[in-house]
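The sequence and structure come first, then the notes.

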Amino acid sequence: MKFSIGGSLKLAFRPWVEGLENIPAEGPAILASNHLSFSDSFFLPAVLDRKVTFIAKAEYFTSPGVKGKLTAAFFKGVGQLPVDRSGARGAGEAAIKSGIDVIERGELFGIYPEGTRSPDGRLYRGKPGGLARVALATGAPVIPVAMIDTEKIQPPGKVVPKLMRPGIRIGKPLDFSRYHGMDGDRFILRSVTDEVMYEIMKLSGQEYVDIYATAAKRQIADAEKAAARSEKAEKAEKADAAESTAKADPAAADSDK
């Protein structure tokens, strides 16, 4: 996949990279990145010599039919791990276990602390579960990563990408060994996550919003629904007004026509 998809991506999009020297040549590390586009999980591994393992929802690996098998083969090929989101704790515990397994093998584990893609290009509050718990449970360094302009290449819902140069900034590793054994303290988990998000913000230059991206998506969806209802009500009001005018003065209505 690195030679086929990775090589094609680099040839077609020519991504620029800063801070590549911060990726260790060997040994485990956690790559914590902002998340602007579906293509983030392809551009970052494409510019690295080492394999990066991300997590993906299990549905990508279990869909039926020929298309499902091809999709599963593709995601396995690009280093994605299936995570079953069912159960009491859902994806959280599964993601943490998957991350720890990757780190214990001495590999690179990629994670998006925001938990989902940014709905508007801004940087949102990091979720304290996966990132911080994997870091504190394993002692692996956390390397902040900023994806630049990938949302312009492939916005949500767009299948065909736009040809332009994305950027990747890789920060210096962060050491959280001072919190060893404190992964059960929610205040420590919050502190670790916020420190990582601050570094990502500095690298990306994004505006930071202190709410979760999932909540922002709900707010945007609610606003769009409210706008659609308002537009529908306005059209209905205009139609009623026109009908009332026609009934009151048929001659005027005919003149308007």
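A polar contact here is a pair of N or O atoms within 3.5 Å; within protein, one must be able to donate a hydrogen and the other to accept it, and residues adjacent in sequence count only if both atoms are side-chain atoms. The model is predicted: local features need pLDDT of at least 70, side-chain atom pairs count only at pLDDT 80 or more, and totals for chains, interfaces and linings use all residues. Residues are numbered from 1 along each chain as its sequence is written, and side-chain values use heavy atoms, with hydrogens and water left out.

**Arg50**
- Arg50 sits in the loop between H2 and strand E3 (52–57); helices (H or I, at least four residues) and strands (E, at least two) are DSSP runs numbered from the N terminus.
- The side chain of Arg50 has a polar atom 2.9 Å from the backbone oxygen of Gly27 and a polar atom 3.1 Å from the backbone oxygen of Gly106.
- Arg50 is buried but has no salt bridge, and the nearest side chain of opposite charge, Glu107, is 7.4 Å away.
- For these terms, buried means under 20% relative accessible area, exposed over 50%, and partly exposed in between (1.4 Å probe, protein chains only).
- Lys and Arg count as positive and Asp and Glu as negative, while His and the chain ends are not counted.
- A salt bridge is a side-chain nitrogen of Lys or Arg within 4 Å of a carboxyl oxygen of Asp or Glu.

**Asn34**
- Asn34 lies in the loop between E2 and helix H2 (40–47).
- Asn34 counts as buried because its relative accessible area is 0%.
- The side chains of Asn34 and Gln206 are joined by a polar contact of 2.9 Å.
- Beyond four places in sequence, the residues in contact with Asn34 (heavy atoms within 4.5 Å) include Asp40, Tyr112, Met147 and Ser204.

**Nonpolar cores**
- A nonpolar core is a set of buried Ala, Val, Leu, Ile, Met, Phe, Trp, Tyr and Cys residues joined through side-chain atoms within 4.5 Å.
- The largest one has 24 residues, of which Ile30, Val142, Phe176 and Val196 touch the most other members.
- Two or more residues each come from strand E2 (29–33), helix H5 (91–104), strand E5 (108–111), helix H6 (130–138) and helix H8 (186–204).
- H8 gives the largest share of this core, six residues.
- A second, separate core of 21 residues includes Ile23, Ala29, Met147 and Ile170.

**Helix H9**
- Ala213, Ala215 and Ala216 are the buried residues of H9, and what covers them includes strand E6 (123–124).

**Salt bridges**
- The count is 13 salt bridges.
- Arg105 pairs with Glu107, the closest N and O atoms being 3.3 Å apart; Arg105 is partly exposed at 48% relative accessible area, and Glu107 is partly exposed at 23%.
- Asp149 and Lys152 form a salt bridge at 3.2 Å, N to O.
- Salt bridges that share partners join Asp120, Arg122 and Glu207 into one network.
- Within it, the side chains of Arg122 and Asp120 meet at 3.1 Å, N to O.
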